[in-house]
Amino acid sequence: MYNSPFFKEFPEIKKKNKGKFTAWAKKNGFKDACSAASAVMAKKDKYSEEVVKMANYAKNFGCSKK
């Protein structure tokens, strides 16, 4: 997998942004960040660009099934 030309380094979250999406999700009544990410990505036009970016990151890197 790591030899794939499509594999890139895991994008790091800046220290000041760690936990930001999870906090937003809980404040807005979601059970956890993954359920919030799914809801946001389903209705992107309802949320700010910043929230959509955080949700996309969470969905791609934090909520993947193993």
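A disulfide is taken here as a pair of cysteine sulfur atoms within 2.5 Å. In this predicted model, local features require pLDDT of at least 70 and side-chain atom pairs count only at pLDDT 80 or more, whereas totals for chains, interfaces and linings use all residues. Residues are numbered from 1 along each chain as its sequence is written, and side-chain values use heavy atoms, with hydrogens and water left out.

A search of the whole structure returned one disulfide. The bond joins Cys 34 and Cys 63, with the sulfur atoms 2.1 Å apart. The link of Cys 34 and Cys 63 is left-handed, at -100 degrees about the S-S bond. Cys 34 belongs to helix H2 (residues 33-42) and Cys 63 to the segment after helix H3 (49-62), so the pair ties together parts that are 29 residues apart in sequence. Helices (H or I, at least four residues) are DSSP runs numbered from the N terminus. Relative accessible area was computed with a 1.4 Å probe on protein chains only, and residues are classed as buried under 20%, exposed over 50% and partly exposed in between. Cys 34 is partly exposed at 31% relative accessibility, and Cys 63 is partly exposed at 22%.

A nonpolar core is defined as a set of buried Ala, Val, Leu, Ile, Met, Phe, Trp, Tyr and Cys residues joined through side-chain atoms within 4.5 Å. The largest such core has 13 residues, and those with the most contacts inside it are Phe 21, Trp 24, Ala 36, Ala 37, Val 40, Val 51 and Ala 55. Helix H1 (20-27), H2 and H3 are the elements that give two or more residues to this core. With contact meaning heavy atoms within 4.5 Å, and residues up to four places away in sequence not counted, Val 51 touches Phe 21, Trp 24 and Val 40.

Helix axes are lines fitted to C-alpha atoms over the stretch in contact, and angles run from 0 to 180 degrees between N-to-C directions. Angles under 35 degrees count as roughly parallel, over 145 as roughly antiparallel, 65 to 115 as roughly perpendicular and the rest as oblique. The axes of H1 and H2 come within 9 Å and cross at roughly 80 degrees, which makes H1 roughly perpendicular to H2.
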